[in-house]
Protein chains: 4
Amino acid sequence: MVVVLENNISDSDKEIIRHFLETKGFKVREIVGENDTIFGAVGSVSIDKREVELLKGVEKVVPIHKPYKLASRELKKEDTVISIGPVKIGGNRIVVIAGPCAVESREQIIASALAAKEAGAVMLRGGAFKPRTSPYSFQGLGREGLEYLREAGDLTGMPVVTEVVAPGDALMMKDYIDVYQIGARNMQNFELLKTVGSMGMPVILKRGLSATIEEWLMAAEYLLASGTEDVILCERGIRTYEPYTRNTLDLSAIPVIKKLSHLPVIVDPSHATGIRDKVSPMALAGAAAGANGLIIEMHTDPDHAMSDGPQSLYPEQLEKLICDIEALAPVLGKEMA
Amino acid sequence: MVVVLENNISDSDKEIIRHFLETKGFKVREIVGENDTIFGAVGSVSIDKREVELLKGVEKVVPIHKPYKLASRELKKEDTVISIGPVKIGGNRIVVIAGPCAVESREQIIASALAAKEAGAVMLRGGAFKPRTSPYSFQGLGREGLEYLREAGDLTGMPVVTEVVAPGDALMMKDYIDVYQIGARNMQNFELLKTVGSMGMPVILKRGLSATIEEWLMAAEYLLASGTEDVILCERGIRTYEPYTRNTLDLSAIPVIKKLSHLPVIVDPSHATGIRDKVSPMALAGAAAGANGLIIEMHTDPDHAMSDGPQSLYPEQLEKLICDIEALAPVLGKEMA
Amino acid sequence: MVVVLENNISDSDKEIIRHFLETKGFKVREIVGENDTIFGAVGSVSIDKREVELLKGVEKVVPIHKPYKLASRELKKEDTVISIGPVKIGGNRIVVIAGPCAVESREQIIASALAAKEAGAVMLRGGAFKPRTSPYSFQGLGREGLEYLREAGDLTGMPVVTEVVAPGDALMMKDYIDVYQIGARNMQNFELLKTVGSMGMPVILKRGLSATIEEWLMAAEYLLASGTEDVILCERGIRTYEPYTRNTLDLSAIPVIKKLSHLPVIVDPSHATGIRDKVSPMALAGAAAGANGLIIEMHTDPDHAMSDGPQSLYPEQLEKLICDIEALAPVLGKEMA
Amino acid sequence: MVVVLENNISDSDKEIIRHFLETKGFKVREIVGENDTIFGAVGSVSIDKREVELLKGVEKVVPIHKPYKLASRELKKEDTVISIGPVKIGGNRIVVIAGPCAVESREQIIASALAAKEAGAVMLRGGAFKPRTSPYSFQGLGREGLEYLREAGDLTGMPVVTEVVAPGDALMMKDYIDVYQIGARNMQNFELLKTVGSMGMPVILKRGLSATIEEWLMAAEYLLASGTEDVILCERGIRTYEPYTRNTLDLSAIPVIKKLSHLPVIVDPSHATGIRDKVSPMALAGAAAGANGLIIEMHTDPDHAMSDGPQSLYPEQLEKLICDIEALAPVLGKEMA
């Protein structure tokens, strides 16, 4: 922690601050310049920096530690590569996860799985519990949906991922799925993070609607501290003032995450843009920015989808997109998985 | 729903759009101007507007319905006034709810309750389950904290409010508390909203960190649709680009809410600003903007608080603030409750 | 400047960084803790912090100096009080500046001035050069408008303030007005700031649409460094994701500014909210938050105003508002000027 | 304009609204549904929508016209392709504009031009008038810088672009440059837009720090309405709450702009990210998202640059990046120009 002192601080105020920091367990060094004085306070001490800011004569307090440990690149230099059945996520691979927004019926999810596989996807997505902004909207098939999803995954040999919305569901879901997904609105639902992390399985963690990169990594830290080692970060657009797009896809977060953390990061261009014709350009841009994968909504009949039809690709659009990504991959030094 | 058509739309595209809307159950009327044509589509039909936006020849789609009903001023013209023991929230009253961030011990919460009562507060707050951004921080006393909180409330004759963070806790908590609080990070934790709403008790619903006013009212709608009639909205600052303040307190939301909804709205200046010396000016500003109450963190020994000490008022500061609000109230046409 | 080093930095990288800083003119002190090492670099040196961030082994760089000097509270402990004819702005006074958005005619501005004076305002506003988002909108009466404004001010004994939009106009305007206004969209039009500052007259500086408090104070610094001593900061709402209100009035900026700077700060609730019925609650909230004044749009016939009619108060609304502020003032320890 | 009426509006209020709209020149049609009534008001009438919102019984007003005309895709179906000497911008080409942040000396800009040309860039950038956030920073060489820039352009056969910051400079600059640049902070400096537009030359218009896409197109409209036909839009990152990156590059704006407007759009990854190692990934992502070009800061000796050295590429990094873009181009259906 660095404590910048006010220009005209009195000696007694300075001593009070020094004493406060030492009492808390910090080792304090003073640095005096022509116009300014700072205290450098080092030590493995955790403290609310505002406690120091409130002391008389303090101009500003600057924390120097990152608050996350397990998620940090410092702890683990090499990229984490996560194995999910035959699929590997991380390192120099690009994977495509695809499927409908919601599991609507046995037939629909099986047809979707076949189409996704045919188009080149390697993992299947599909929601059984849908967190909807309106209490009057379709909320998903629940456990029945999980059964159909598992069957579709087994039939096509693809691992499956689905969203978990309540701590009480986590254990039951374990039998049906390969990867949990934590949605954007639940990124700081800490009870959910603790329970899901304790299942010890891979988790896709979506970035919250207005989460900073640090808060996102702290949510990953909750999962990692609770028992899983396999967290995949998923950028899905953040909230800004711009009304034309549903969210603003923050692709610069990808190189930032790559520097701060060893965890793989994927992009969800479907929720980021909310409309079909912008999904493919943003998927390509995500790959070009360095993402380890893409999670894309596809529906065999988007015009009759029960949710998010307008942002779902047609199977042939997905196929075209995966071809384009395959063409891009070598330019980016990546391999399609 | 209003569908604005492109200038040079063909007749056949126009007919396809009209047919699509009629099939969905809308009654469609065409309005032709010199430079533009629109379809007005009315009816009690729920539809994802993007489905129409994707049709050829559509320029823009504008929904005309508010998505919330029970929370709307249209459903209920007069202000909702909520009775919680001896306290009434809503209408032309201003109430002050006060107490520490967290229940730390039996002694601490009893001392806090006595100080809050003495200063003029009418309800007691105190957290037993603390949602913290770091998994390594103090997470609250849990059930033990609820017992102490109840005891402190009973001793002083004040109703008590505390945050609920997991659906599984809601039923157990019912025996201890008078008002549930849903925190900002859980505003769109829909499973929590459904369970807490079904308890049928009053709920303080904090605005999410980057929730729009409409999303906030939709979260209230979840609570109201699940079984409670008593929702108190709480503005606590939103996320903006400004780094100097922790959050940006959005006081203009108060007159907006008053127009859109019959529900009472209170202000939390402690979390909005995060630092003690800005709490009182923002509390007064909140009252002046029309809030029905304030929820304020106060600690009998903030320098040794286990969380959020730096934003907690000293008891004498709370007393001074409540005096100032009492002086303001008649100018604003309000009564202190 | 504080340079946080990476955990596992090599000795040679550390020496390269130290040498780089010393070559730039910094005095460098190393502080070693259990888990971290920092360099404190002090000295009156100006440097782009990213130059240091790019050095191998650097984790983070934290500047410790405020970039503004003349605007800072450190330079001048006591509040600046600005005299404009009979009016004083700053310290413990609250002033109300009122008038129409635009000067539309001689009759209109004279009628407005009389009504503003009658209602209790002490300074007259009115735009002669209007910066409009559309090139096809009314752009103001120009010099003719300045003449009418001056006449209206002289007739009522009120100083006048109007917006300047081009450096080439500043000198000519000096003969007509008492205070220049820099609009939100021009807050970082540095050429305009330099020219207007060099006129040596008082300036109202509106906060940019998405300006940080530091950028705002830097814009004030441009004015102060160019020759004026009299800058009045004006909070007028910032851009956020919320669509219901035109802007989000950031009242917490007021106590922040009061701590960082000696300059007076006023609030413009008319542009912040954009709609008449929210102007008065936000004006009262601004006063309660500690503002030194309010600038309010009023029109004698808002329904036929040439611009911003919907956010203009009727004269009787202004009168009621000023009465309410007079009643609030003593509670806030302020005097109406 | 669509006027949504309140559910329980009285007949007389409805007639007042209808009469108001007809008096303003609108043709009004009423559409009545089960639960709602709307007025469709069509006609070539310009009106402040808030005037209608304030009428009793009005729930909401929705404008249906785009406020820009000349910039719109409706006016001109095919992509605008702008010729600047031998360079063409727009359509299916990708161009790279490169050069230092500022012209620092004759030698420096000539060396930069040679390096940029060698790396594959087709146009030269370099600032002579620098709008700096601090009045105490280097403000550019001014006219002398323009002379050196022209010389460097002539020597290498590359057109040159530089920023204009004051209306009074525009005419003088015309002799030295091929393209004007309007910076982000001046995007709504309407006096500057009018003067620069009247020069009739190509203009690169950077998006304002927190400008919506509509405001950006309105700024383009100012230029187009003032006399130029050649406007190139430049996305350079917007302001969000995220502190890790300087700005958030909004690449989804590219497909949006392509739909709304016929104007070419380029990306500035240097200012968007502010740091060298993120420039190349974001440049590739911009190309993948559909940009017509990139404007990139490069310096032959970034460590001694007078401004923005840390975000400037080394010449060999630029060369590598242009090679990568060349490899991507055919996948994207584009040609390098």
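In this predicted model, D:Thr162 has D:Tyr180 of strand S10(D) as its bridge partner. The two strands involved are S9(D) and S10 (residues 179-182) of chain D, which pair in the parallel sense over three bridges. Strand S9 covers residues 160-163 of chain D.

The next stop is a residue in chain C. C:Ile109 belongs to helix H3, which spans residues 106-119 of that chain. Is C:Ile109 buried or exposed? Its relative accessible area is 0%, and the limit for buried is under 20%, so C:Ile109 counts as buried. Beyond its neighbours within four places in sequence, C:Ile109 is in contact with C:Pro100 and C:Val103, with C:Leu124 and C:Arg125, and with C:Tyr148, C:Leu149 and C:Ala152. C:Glu151 lies 42 residues from C:Ile109 in sequence, and the C-alpha to C-alpha distance between them is 8.9 Å.

Chain C also meets chain B. Each side brings 38 residues to the contact: 38 residues from chain B and 38 residues from chain C. Together the two chains bury about 3,000 Å², with 72% of that area on carbon and sulfur atoms. On the side of chain B, B:Tyr241, B:Tyr244 and B:Val331 account for 21% of the area buried against chain C, more than any other three residues.

Polar pairs are present across this interface as well. Six residue pairs are in polar contact, with both residues at pLDDT 80 or more. The number of salt bridges between chain B and chain C is two. A salt bridge links the side chains of B:Arg207 and C:Glu242, with an N to O distance of 2.9 Å. Which elements of chain B give two or more residues to the side that touches chain C? They are helix H8 (253-260), helix H10 (276-289) and helix H11 (315-328). H10(B) gives the largest share, eight residues.

Methods:
Residues numbered from 1 in each chain as written. Chains lettered and ligands numbered in written order. Predicted model: local features only at pLDDT ≥ 70, side-chain atom pairs only at ≥ 80, totals over all residues. Heavy atoms only, no water. Buried < 20%, exposed > 50% of the residue type's maximum accessible area, 1.4 Å probe, protein only. Helix = DSSP H or I, 4+ residues; strand = E, 2+ residues; numbered from the N terminus. Pairing = 2+ DSSP bridges. Contact = heavy atoms within 4.5 Å. Buried area = accessible area lost by both parts, 1.4 Å probe. Salt bridge = Lys/Arg side-chain N within 4 Å of Asp/Glu carboxyl O. Polar contact = N/O pair within 3.5 Å; in protein donor to acceptor, adjacent residues only side chain to side chain.
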